[in-house]
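Thanks for coming. Please have a look at the sequence and the model on the screen, and then I will walk through a few parts.

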Amino acid sequence: MDLDSETGGPPASASGNDTAHGVTDGQAQYSTNERVLCYHRSLIYEAKILRTRKEDDGSARYLVHYKGWNSKWDEWVASDRMLKDTPVNRQLQAQIAEEQAKQGIDKRALPSALGFTREKKDEGGRPVKKERAGASNKASSRAAAAEAPRQQGQTPHDQPRQSPITLTFPDSLKAYLVDDWAKISNQMLVPLPCNKTVATILHLYAQQRLEHSDPDGRDADFVNETVAGIRSYFDHALGNMLLYRFERLQLQEVLREFGDQPMSAIYGFEHLLRLFVELPRLMSHTKIDGEPAMMLNRQLNDFLEWLAANLDKFRAPMYDNAPSAYINVAKAQFH
């Protein structure tokens, strides 16, 4: 999977107050000239804070420069993209880089925010095998170049449209995503079908929010549309970009047993979180803007806050250790 919760920040001319001092939005405080670690797509990079600013809504933004990269990559980011430069976080940086290298992702990529590889499929839904090196590999090389820029190359944000949404992940959800990655890396699997499926989680959220909707029903309509949209995105994205390589065999087993059911009725909290890391990039292809985009931003961030508040209710109680037979078949098919 190639998850990306990165949305960037406002340009220097946007509203807000620049400052040479540290600002905080309720998370860790960072200051100008501080050396930090910063998520960009699926890897963590060494960076230095060049400037700080506090937006009108009280949130903090930081202009960072990535060590060893051309200044054209400097960007404004929120604090949820950054980590303090500590030995523990350095270890996390190395672990994620090692996992990405195993999955064949370019080490020079400024990667997707919590690091998953996308599985390519043909028109029949079957995994596409990697091309051998040579002329036939040009297409995949171009695709890699689009997502893995070089210091003097093109920007990874050279896309027709900027995403209309900006998501802020609560720390508890970011930590859970990293823990989820670690468990899958240790050959563990989320038990399926989940007790609390994506469909159930979305239904509970809508139910709670509709209890406080406005009398004329406009809020209710928007909540229902948003929930339906999330479920649709999930059902379409699950098999293509929300699975680690080790989970693909499990999907095959699910399709054999529950092939007539949508994936949102089988998978749960863990894979729903992965969708939200990908969602900004997925929605960059939509034409929503203006007030509808602002409303959608509020609704999706509200949903993330709600998920964080209900983390213990929805998380898988435990992951299963994959049996040796599964491990052998998975390695034979997908490695």
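Strand β4, residues 60–66, is mostly covered, with six of its seven residues buried. Buried here means under 20% relative accessible area, against over 50% for exposed and partly exposed in between, with a 1.4 Å probe and protein chains only. Strands and helices are DSSP runs numbered from the N terminus, a strand (E) having at least two residues and a helix (H or I) at least four.

Before going on: this is a predicted model, in which local features need pLDDT of at least 70 and side-chain atom pairs count only at pLDDT 80 or more, while totals for chains, interfaces and linings use all residues. Residues are numbered from 1 along each chain as its sequence is written, and side-chain values use heavy atoms, with hydrogens and water left out.

What does β4 pair with? Strand β3, residues 43–54, runs antiparallel to β4 and is joined to it by seven bridges; two strands pair if DSSP finds at least two bridges between them. A47 sits opposite Y66 in β4. Five residues lie between the strands of this hairpin, where G58 has a positive phi near 95 degrees. Strand β5, residues 75–77, also pairs with β4, antiparallel and over three bridges. There, L63 is opposite W76.

Why does V64 count as buried? Because its relative accessibility is 0%. Beyond its neighbours within four places in sequence, V64 is in contact (heavy atoms within 4.5 Å) with C38, A47, K48, I49, D74, E75, V77 and M82. C38 is 26 residues from V64 in sequence, and their C-alpha atoms are 8.4 Å apart.

Next, helix α3, residues 171–185. From first C-alpha to last, its 15 residues reach 21 Å, close to the expected 21 Å, which is 1.5 Å times one less than the number of residues. The buried residues in α3 include L173, Y176, L177, W181 and I184. After the helix comes Q187, with a positive phi near 60 degrees.

Last, the core. The largest nonpolar core has 82 residues; such a core is a set of buried Ala, Val, Leu, Ile, Met, Phe, Trp, Tyr and Cys residues joined through side-chain atoms within 4.5 Å. At least three of its residues come from each of domain 1 (34–113) and domain 2 (171–333), with bounds from an automatic or database domain assignment. L272, F276, F303 and L307 have the most contacts inside the core. Not counting residues up to four places away, F276 touches L167, F169, I230, L300, F303 and L304.
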